[in-house]
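Hi everyone, thanks for coming along. Let me put the sequence and structure up on the screen, and then I'll walk you through what we have.

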Amino acid sequence: MEHANTLDDTREVYEPSLTPDSLGKLGMWIFLVGDTMSFGALLAAYAAIRAGAGAIGWLPPSEILGINLTAGMTFLLICSSLTMVKALEAIQNGNVSRMCTFLALTIAGGVIFMGLQAYEWTELIKHGLTLTSIPEHGLSGAAISGSTLFGPTFYTITGFHGLHVTGGVIYLIVILIHGLRGRYTAEFNHEVEIVGLYWHFVDLIWIMVFTFIYLL
Amino acid sequence: MADTPHKEHPKYINIFYWLAALTIIEILVAMPEYSIIIKGLLLIGLACAKAVLVANYFMHLKFERRTLALIVLTPFIICVFLVLMLMPDLTLKTRHDALVAPKAEVINTSR
């Protein structure tokens with residue numbers, strides 16, 4: 001009997017080392033670590049295919065892909081990352097309406113990004129860059145030739161990132177609805193921080209994609 | 001500062017200016033034609049600098065426990081290994097020759 005009492009006492013004093021805040025945050029970080037490997041594998045495959053094609057077999061990306069538009073898209077994602085941290089800053093200071101405004105701006109950034117990517121893809125497909133072919137003429141007007149794997153690698157990697165943006169926008173909308181209903185306060189806001197982690201990660205991945213796919 | 005990470009926010013707007021400036025530098029570096037190796041190293045360096053800024057300040061990694069940073073760094077190191085291990089398979093001279101040689105034969109027979 002005495003023994004059972006001791007057990008009950010132990011159970012009462014036991015506190016889980018992972019609080020709801022830190023558990024959610026750790027969960028998101030672990031997901032992001034795994035997701036890094038997904039993108040890493042895609043980019044490594046791209047590097048291997050490109051190296052295998054050689055300097056002549058692979059077109060310089062600037063011959064096919066417009067840099068100006070994607071530079072604007074990069075800037076847009078950086079802006080939306082800024083509005084995301086501003087939203088978190090606002091709620092940690094207890095300002096709900098300011099958080100909702102900044103969350104809405106972040107969502108707008110994501111939606112415009114998706115729109116620009118859809119526009120870019122449409123133009124590229126019209127230009128002749130598909131999963132099985134590359135354009136006959138580059139942006140400079142000169143006749144071009146190279147590996148037809150340019151299209152699949154490009155669409156897979158930017159598409160996988162675009163899916164992440166889409167998911168992020170949905171995720172942000174859910175958090176915004178919670179915010180509008182008054183779920184978050186200066187004390188309870190770790191969910192906003194966690195959606196921020198995801199959103200900044202999408203920005204971080206775009207920085208890599210922009211460098212490897214468009215600039216290099 | 002490390003004790004109260006959420007109360008003192010870093011100056012996010014400064015990080016934003018840095019990211020914007022680094023993006024412009026990246027484009028300037030990428031535009032002219034020169035050695036792909038030097039260009040690659042410069043661009044990868046700039047991209048990593050931007051990634052570190054985003055992770056450290058926007059994702060608050062700098063203000064978390066050191067262990068978390070080590071966990072996050074691991075896949076990046078593995079990715080570098082992944083690329084290095086794939087490279088020889090496709091760039092070795094013998095492999096290249098094996099791919100090129102049959103093509104030449106096809107041209108001969110058609111003549």
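**The fold of chain A**

Chain A has six helices and zero strands, where helices (H or I, at least four residues) and strands (E, at least two) are DSSP runs numbered from the N terminus. Read from the N terminus on, the order is α-α-α-α-α-α. Chain A is more spread out than a compact globule, because its radius of gyration is 23 Å, well over the 17 Å that the globule rule gives for 216 residues. That radius is taken over C-alpha atoms, and the rule is 2.2 Å times the number of residues to the power 0.38.

A word on provenance: this is a predicted model, in which local features need pLDDT of at least 70 and side-chain atom pairs count only at pLDDT 80 or more, while totals for chains, interfaces and linings use all residues. Residues are numbered from 1 along each chain as its sequence is written, and chains are lettered from A and ligands numbered from 1 in the order in which they are written.

Back to chain A: its C-alpha trace spans about 85 × 45 × 20 Å along the principal axes.

Now, how many residues of chain B are in contact with chain A? There are 34, and they meet 31 residues of chain A; contact here means C-beta atoms, placed from the backbone, within 7 Å. On chain B, α1 (12-30), α2 (36-58) and α3 (66-91) each supply at least two residues to the side that touches chain A. The most come from α3(B), with 14 residues.

Key. Two residues are in contact if their C-beta atoms, placed from the backbone, lie within 7 Å.
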